[in-house]
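Subject: Structure for you, with notes on side-chain contacts

Dear colleague,

Please find below the structure that I promised to hand over. My notes on the side-chain contacts follow directly after it.

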Amino acid sequence: MREAYGKLNGKGKKIGIVVAKFNELVTRKLLDGAKQGLEQLGVEANNIIVYWVPGAFEIPRVVKLLSNSGKVDGIISLGAIIRGETSHYDYVCNEVSSGISQVSLNNKVPVMFGILTTDSMNQALDRAGGKSGNKGIECASGVIEMINLENELKLNK
Ligand code: INI
């Protein structure tokens, strides 16, 4: 039996982060977590490129353009959609999740889903460095693991 794992070694890897300005109080904390997580795994600061978009709805388009650009080995998407603040919460959530999933399935580089979908600002803050961890840090290890797993299996060669 052979088992394959993606190593948590980010040396030499180029990572794109697409982050929404909407609810920046939360998304900046996700971004800080993602950058810290990547650097802890050996990704050099100048191999991390951050793209700010207006809101979560715009994330899939930039993720798609970036994933086709050849500039990065993996992408982290970060956003916060908060039910209390929008009447079109379900619509935005569905479009963003299906958009990111389509790009992830149809393009070469792995894409992490770091979009918080919560009922309140407090729940979002809990998941952005508060009592429930930081989704940005999770995405950092996830993207490195996936890049190395795909290289290990030569899935993209
Ligand atoms: N964008 C978010 O990232 N989070 C939200 O909670 C949100 N709300 O509340 O509406 C939100 N809306 C903006 C949307 O993502 C687009 O930027 C906008 O509709 C322009 O296309």
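Glu-24 and Arg-28 are four residues apart in helix H1, which covers residues 24–40, and so they are separated by about one helical turn. Their side chains meet in a salt bridge, with a distance of 3.0 Å from N to O. Glu-24 counts as partly exposed at 32% relative accessibility, and Arg-28 is likewise partly exposed, its relative accessible area being 39%. Please keep in mind throughout that this is a predicted model.

The structure holds six salt bridges, and I describe some of them here. A pair within a helix is found in H5 (residues 135–152), where Glu-138 and Lys-135 lie three residues apart, about one turn of the helix. The side chains of these two residues form a salt bridge, at 3.2 Å from N to O. Glu-138 is partly exposed, with a relative accessible area of 48%, and Lys-135 is also partly exposed, with a value of 25%.

Asp-119 lies in the loop between strand E4 (111–118) and helix H4 (121–126), whereas Arg-83 lies in the loop between strand E3 (74–82) and helix H3, so the pair ties together parts that are 36 residues apart in sequence. With a relative accessible area of 44%, Asp-119 is partly exposed, and Arg-83 counts as partly exposed at 38% relative accessibility.

Turning to the aromatic rings, the count comes to one aromatic pair. That pair is formed by Phe-57 and Tyr-91, whose ring centres are 6.3 Å apart and whose planes stand at 20° to each other, and it is classed as stacked. Phe-57 sits in the loop between strand E2 (48–53) and helix H2 (59–67), while Tyr-91 sits in helix H3 (residues 89–106), so this contact ties together parts of the chain that are 34 residues apart in sequence. Phe-57 is partly exposed, with a relative accessible area of 41%, and Tyr-91 is partly exposed as well, at 46%.

Cys-93 is in no disulfide, and the nearest cysteine sulfur to it, that of Cys-139, is 16 Å away. Cys-139 is in no disulfide either, its nearest cysteine sulfur being that of Cys-93, again at 16 Å. A disulfide would need the two sulfur atoms to be within 2.5 Å.

Are these two cysteines buried or exposed? Cys-93 counts as buried, at 12% relative accessibility, and Cys-139 counts as buried too, at 4%. Both values fall in the buried class because that class takes in residues under 20% relative accessible area.

A colleague

Conventions:
Residues are numbered from 1 along each chain as its sequence is written. This is a predicted model: local features need pLDDT of at least 70, side-chain atom pairs count only at pLDDT 80 or more; totals for chains, interfaces and linings use all residues. Side-chain values use heavy atoms; hydrogens and water are left out. Rings of Phe, Tyr and Trp (its six-membered ring) pair if their centres lie within 6.5 Å; planes under 30 degrees apart count as stacked, over 60 as edge-to-face and the rest as tilted. Helices (H or I, at least four residues) and strands (E, at least two) are DSSP runs, numbered from the N terminus. Buried means under 20% relative accessible area, exposed over 50%, partly exposed in between (1.4 Å probe, protein chains only). A salt bridge is a side-chain nitrogen of Lys or Arg within 4 Å of a carboxyl oxygen of Asp or Glu.
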